[in-house]
Amino acid sequence: MKFINAIFFTIFLSTFSFSLHSVEQKLIVIRHGEAGNNIEKVYNSNPENPNYKIFNLTESGIQTTQKTAKDLIAQGFSNNNIAAVFVSPLPRTKQTADILVQQGLVSKDKIILDKRLIELNAGDLEGKPTFAAWKPSFAKDYHAESEEQVAKRVKEFYDMILQKYPQGNIIVVTHALASQDLIELVTHQIVKLNPGEAKVVTLRQ
């Protein structure tokens, strides 16, 4: 009898363990809510540049982010199943993350700032009107960062997540290009998020 019970107990543990590890981890990529730089359409990426200006979320940006947080909660995401929230260190992304906390999606202690998620460094274009598209020559012409450099640091960030977080969902609050690069890394599809929008994908594909 004891032998039979031991067999059933072993089967139960194996099934339970499989159940835990079979739960798909989700990566929730959020582009920061609309901010002043989006309205003025200027480059805003480097706090160390003399032309840098602090831009905060607009009222519309706040409302959009609040709705995104509520939508994620409605989908079943909560502080209990979110392992970490990685955030670009610029004001607009930190404010976006703060709204996620205020709405009850996550707790403040799970927020981690990561410079690899920051906006493309615009170099000498800091504070100046944005171009319709970023050209490869801009990196050299304006002492700026290339799109390849952004993709490289986003890849390093993604590899770190895979290694350090075997369980739990991950939220990333970042910018237009970095969010596009991250989603493409995981899904092999190009997705351009609007300000305040979130994209939920399976982390390990």
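The model is predicted: local features need pLDDT of at least 70, side-chain atom pairs count only at pLDDT 80 or more, and totals for chains, interfaces and linings use all residues. Residues are numbered from 1 along each chain as its sequence is written, and side-chain values use heavy atoms, with hydrogens and water left out.

**The chain as a whole**

- Welcome to a chain with 7 helices and 5 strands; helices (H or I, at least four residues) and strands (E, at least two) are DSSP runs, numbered from the N terminus.
- Read from the N terminus on, the elements run α-β-α-α-β-α-β-α-α-β-α-β.
- Of the 205 residues, 44% are buried, where buried means under 20% relative accessible area, exposed over 50%, and partly exposed in between (1.4 Å probe, protein chains only).
- The accessible surface comes to about 11,400 Å², and carbon and sulfur atoms hold 55% of it; such areas come from the Shrake-Rupley method with a 1.4 Å probe, and for residues only the protein chains shown count as cover.
- Among contacts between residues at least 6 apart in sequence, 78% join residues at least 24 apart, a contact being heavy atoms within 4.5 Å.

**Helix H7**

- H7 has 12 residues and reaches 16 Å from its first C-alpha to its last, close to the 16 Å expected at 1.5 Å a residue; the expected span is 1.5 Å times one less than the number of residues.
- This helix is mostly covered, with 9 of its 12 residues buried, including Leu177, Leu182, Ile183 and Val186.
- The cover over the buried residues of H7 includes S1, helix H6 (147–164), S4 and S5.

**Pro195, in a loop**

- Pro195 is found in the loop between H7 (176–187) and S5.
- Pro195 counts as partly exposed because its relative accessibility is 28%.
- Pro195 and Gly61 are 134 residues apart along the chain, yet their C-alpha atoms are separated by 7.2 Å.
- Not counting residues up to four places away in sequence, Pro195 touches Arg31, His32, Gly33, Glu34 and Thr64.

**Salt bridges**

- The count comes to 7 salt bridges, each being a side-chain nitrogen of Lys or Arg within 4 Å of a carboxyl oxygen of Asp or Glu.
- One of them joins Lys26 to Glu24, with the closest N and O atoms 3.3 Å apart; Lys26 is partly exposed, as its relative accessible area is 23%.
- Another links Arg153 and Glu145, whose closest N and O atoms are 2.9 Å apart, and both of these residues are buried.
- Lys155 and Asp159 form a further one, with closest N and O atoms 2.8 Å apart; both lie in H6, 4 residues apart, about one turn of the helix.
- Lys155, at 35% relative accessibility, counts as partly exposed, and Asp159 is partly exposed too, with a relative accessible area of 32%.
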